[in-house]
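Dear colleague,

I am handing over the structure below, together with some notes on what was found in it. Please look through it first and then read on.

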Amino acid sequence: MAAAMAQCVSCYGLTAKLNTLSLSNNHNAPFKPLNFSSSASTVGLFSRGLVSVCPVQLSPNRRSIVCEVGTKKADSAAKRARQSEKRRVYHKAKKSEVRTRMKKVLEAIEVLVKKQEVQPDEIVPVEKLIAEAYSAIDKAVKAGSLHRNTGARRKSRLARRKKAAEIHHGWYTPTSAVASTV
């Protein structure tokens with residue numbers, strides 16, 4: 001009850017304190033900073049944040065003043081925004097590396113398929129590229145940049161393309177399901 005009375009007393013003294021306030025000339029800003037006189041600053045009313053004072057006319061003989069206090073963005077929210085931006089850039093780099101490695105593998109396999117006279121040892125550089133791509137995919141999954149199923153799907157896609165190139169050149173012949181069961 002005493003706190004409520006103290007609050008009401010400070011509200012009654014508000015009109016006297018507002019007489020000592022002066023507004024800046026920037027009318028475009030949604031919240032206008034207030035300059036306090038020495039008597040008002042000792043009380044500490046509105047000493048933090050930005051305050052907007054708007055006179056409102058309720059009836060022809062009566063006027064009222066509406067005060068709005070704008071608060072800054074919380075420090076925890078600002079930190080959260082910084083952290084999420086840092087993570088976004090980190091994950092973007094990981095995903096970009098995965099896409100680049102996959103593109104190099106797929107281009108190397110396309111070149112290999114288009115060649116007419118190809119030796120089986122020419123697949124070795126492609127296998128090295130596939131190993132690098134697998135490594136990049138696994139690192140991205142471990143870091144949380146890619147979902148594990150997405151990583152598995154991309155690795156499977158590379159392996160299928162390599163196997164298709166081997167079949168195309170006759171270096172690999174798939175065994176039929178009937179022959180393996182006998």
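From the N terminus on, the elements of the chain follow the order α-α-β-β-α-β-β-α-α-α-α, which comes to seven helices and four strands; helices (H or I, at least four residues) and strands (E, at least two) are DSSP runs, numbered from the N terminus. Please bear in mind that this is a predicted model, in which local features need pLDDT of at least 70 and side-chain atom pairs count only at pLDDT 80 or more, while totals for chains, interfaces and linings use all residues. Residues are numbered from 1 along each chain as its sequence is written, and side-chain values use heavy atoms, with hydrogens and water left out.

Of the 182 residues in the chain, 18% are buried, where buried means under 20% relative accessible area, exposed over 50%, and partly exposed in between (1.4 Å probe, protein chains only). Among the contacts in the chain with a separation of 6 or more, 47% are between residues 24 or more positions apart, a contact being heavy atoms within 4.5 Å.

The buried residues of H5 are Val126, Ile130, Ala133, Ala136, Ile137 and Ala140. Seen down the axis of H5, these residues fall within an arc of 125°, so they line one face of the helix, the arc being that of the directions from the helix axis to the C-beta atoms. On the other side of H5, Lys128 and Lys142 are exposed, whereas the cover over its buried residues includes helix H4 (75-114) and helix H6 (148-169). H5 is followed by Gly144, which has a positive phi, near 90°.

The axes of H4 and H5 come within 9 Å and cross at roughly 160°, with axes taken as lines fitted to C-alpha atoms, for helices over the stretch in contact, and angles running from 0 to 180 degrees between N-to-C directions. That makes H4 roughly antiparallel to H5, a term for angles over 145 degrees.

Ile109 lies in helix H4 and, at 6% relative accessibility, counts as buried. Leaving aside neighbours within four places in sequence, Ile109 is in contact with Val126, Leu158, Arg161, Lys162 and Ala165.

Conventions:
Parallel < 35°, antiparallel > 145°, perpendicular 65-115°, else oblique.
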